[in-house]
Amino acid sequence: MSDILYYLLEMIPVMIVAIPFVVYLRFKSRKRKGNPPTNRWHEIGLLFFSVYVIGLFYETIVPRNGMSLQHLQMRFQEDMILGVNLKLFQVFTDVYNAIHYLDLWQPFFINFLGNIAIFMPIGFLLPLLWRKMEMFPYVFITALSLSFFIETMQLPQMRSTDVDDLWLNTLGAILGYLVYKGMKKGLPSIGSKCKQIV
């Protein structure tokens, strides 16, 4: 679990630095639209959502070990795809082998739980902030598209790209969506308090 916490803690400084930029861009956007009526809770939620996505992109997209077209070409040489897993549910085999043969739990916490946990805020905040996103298909498609974008952006990097990340990320968003729906049942006002006014 400390591995997941480590990655989340790595995101926090970037999210903090992003706050003034997000506030400035939001202020400029609202001014351009003639300062329409606003909902304070929606603005706070939108700020958190924006800086979280920036932190997520920093953790998953920003190159750590270099990025080049040459590396992308190397991945697809000789009919082999290096560092790319296109075998669905391979994560189960990898996690089992790591735990059973190596007594190594990191793949379970990072590759499995981490990929689920990191998208839960997305699934929670989307329906919280936008009425349209209360419909499940919108959250599902948005989360899947976001995950696909991240995996595609990792292709020219010295990072692994994994088809299992797509369904794990989307599952995380679905769990976040279910948390929102559960909270809405217990606290009906949460469904409207943070929504956009116009």
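Aromatic rings come up first: the count here is 15 aromatic pairs. Select F108 and F112, which are stacked, with 5.8 Å from centre to centre and 15° between the planes. Both sit in helix 5 (residues 106-117), four residues apart, so about one helical turn separates them. Bear in mind as you look that this is a predicted model. F108 is partly exposed at 21% relative accessibility, while F112 is buried at 17%. Now widen the selection to F89, F92, W105, F109 and W167: together with F108 and F112 they make up one aromatic cluster.

Next, charges. The whole structure has three salt bridges. Start with R26 and E43, whose closest N and O atoms are 2.8 Å apart. This pair links helix 1 to helix 2 (residues 40-60), across 17 residues. R26 is partly exposed at 22%; E43, at 19%, counts as buried.

Then jump to E134. Which residues are linked with E134 in a network of salt bridges? Select K184 and K195. The K184 contact with E134 is 2.8 Å, N to O, and it links helix 8 (residues 163-186) to the loop between helix 6 (120-129) and helix 7 (136-153). The K195 contact with E134 is 2.7 Å. K195 lies in the segment after helix 9 (190-193), so this pair ties together parts that are 61 residues apart in sequence. K195 is buried, with a relative accessible area of 2%, and E134 is buried too, at 16%.

Last stop: the surface. V23 is in helix 1 (residues 2-32) and is partly exposed at 44%.

Technical notes: Residues are numbered from 1 along each chain as its sequence is written. This is a predicted model: local features need pLDDT of at least 70, side-chain atom pairs count only at pLDDT 80 or more; totals for chains, interfaces and linings use all residues. Side-chain values use heavy atoms; hydrogens and water are left out. Helices (H or I, at least four residues) and strands (E, at least two) are DSSP runs, numbered from the N terminus. Buried means under 20% relative accessible area, exposed over 50%, partly exposed in between (1.4 Å probe, protein chains only). Rings of Phe, Tyr and Trp (its six-membered ring) pair if their centres lie within 6.5 Å; planes under 30 degrees apart count as stacked, over 60 as edge-to-face and the rest as tilted. A salt bridge is a side-chain nitrogen of Lys or Arg within 4 Å of a carboxyl oxygen of Asp or Glu.
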